[in-house]
Amino acid sequence: MTLFTLEHRDKKRLIRYGEVTILCFVIFIVYNIFSHGVYSNYMTLLFAWPLILGFVPSLLIALIPKLSEPTDLTKALYHSGLASVTVSSLLRGIFEIAGTSSIYQMPLMYVGIALMLAGVVVYIYNIFKTKEKRKIEHLN
């Protein structure tokens, strides 16, 4: 299976994560121009969150036929978590460059990580539930 033969929903998800990755990179470039020589790793690597944790897993699910399609709950949890982590990184980068901080940034990061982990747990649970269902159907 190649990228050209992917299903529409897979292409749409990959295009979305590609767009978000590019947007985050553009935000880094623009903010870097106006940062007056002050840099933040959270801003520099902002594009890595949607690329590594969004685009790559979506590509693997699309290309590996044995991996099942995530449920709506799984996608909602994971995508919300990834959005929270990405926004938290953006805020942390802005705060570091501005020389300030916020008490809300780290809880946002932790909630995002928890949501992503919940999405992964639900996905794995659904895989095992589907395998058990197939075993029972096969025995009958």
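Helices here are DSSP runs of H or I with at least four residues, numbered from the N terminus. The model described with these elements is predicted. The protein chain averages a pLDDT of 88, and 90% of the residues score at least 70. Among the elements of the chain, α4 has the highest mean pLDDT, 93, while helix α5 (residues 105–139) has the lowest, 87. Where pLDDT is low, the predicted coordinates should not be read in detail.

The relative accessibility of Thr-86 is 10%, and because buried means under 20%, Thr-86 counts as buried. Apart from residues up to four places away in sequence, Thr-86 touches Cys-24, Leu-46, Trp-49 and Pro-50. Ser-84 also lies in helix α4. With a relative accessible area of 15%, Ser-84 is buried. Its contacts, leaving aside neighbours within four places in sequence, are Leu-108, Gly-112 and Leu-115.

Two packed helices are described by the angle between their axes and the distance between the axes. For α1 and α4, the angle is about 5 degrees and the axes are 12 Å apart. Since angles under 35 degrees count as roughly parallel, α1 and α4 are roughly parallel to each other. On the α1 side, the residues that meet α4 are Arg-13, Tyr-17, Cys-24, Ile-27 and Tyr-31. On the α4 side, the residues are Lys-75, His-79, Leu-82, Thr-86, Leu-90, Ile-94 and Ile-97. By class, this contact of α1 with α4 has eight nonpolar, two polar and two charged residues.

Helix α1 also contributes to the aromatic pairs. The structure holds two such pairs. In one of them, Phe-25 and Phe-28 have a centre-to-centre distance of 5.9 Å and an angle of 50 degrees between the planes, and the pair is tilted. Phe-25 and Phe-28 are three residues apart in helix α1 (residues 8–33), so about one helical turn separates them. The two residues fall into separate accessibility classes: Phe-25 is partly exposed, with a relative accessible area of 39%, whereas Phe-28 counts as buried at 12% relative accessibility.

The rings of Phe-25 and Phe-47 also pair, with their centres 5.6 Å apart; because their planes stand at 90 degrees, this pair is edge-to-face. Phe-25 lies in helix α1, but Phe-47 lies in the loop between α2 (41–44) and α3 (48–63), so the pair ties together parts that are 22 residues apart in sequence. Phe-47 counts as partly exposed, at 24% relative accessibility. Phe-25, Phe-28 and Phe-47 form one aromatic cluster.

Pro-57 is found in helix α3 and is partly exposed, with a relative accessible area of 26%. Excluding residues up to four places away in sequence, Pro-57 touches Ile-52 and Tyr-78.

Key:
Residues are numbered from 1 along each chain as its sequence is written. This is a predicted model: local features need pLDDT of at least 70, side-chain atom pairs count only at pLDDT 80 or more; totals for chains, interfaces and linings use all residues. Side-chain values use heavy atoms; hydrogens and water are left out. Buried means under 20% relative accessible area, exposed over 50%, partly exposed in between (1.4 Å probe, protein chains only). Contact means heavy atoms within 4.5 Å. Rings of Phe, Tyr and Trp (its six-membered ring) pair if their centres lie within 6.5 Å; planes under 30 degrees apart count as stacked, over 60 as edge-to-face and the rest as tilted. Helices (H or I, at least four residues) and strands (E, at least two) are DSSP runs, numbered from the N terminus. pLDDT is the predictor's confidence in each residue, from 0 to 100. Axes are lines fitted to C-alpha atoms, for helices over the stretch in contact, and angles run from 0 to 180 degrees between N-to-C directions. Angles under 35 degrees count as roughly parallel, over 145 as roughly antiparallel, 65 to 115 as roughly perpendicular and the rest as oblique. Ala, Val, Leu, Ile, Met, Phe, Trp, Tyr, Cys and Pro count as nonpolar, Asp, Glu, Lys and Arg as charged, and the others, Gly among them, as polar.
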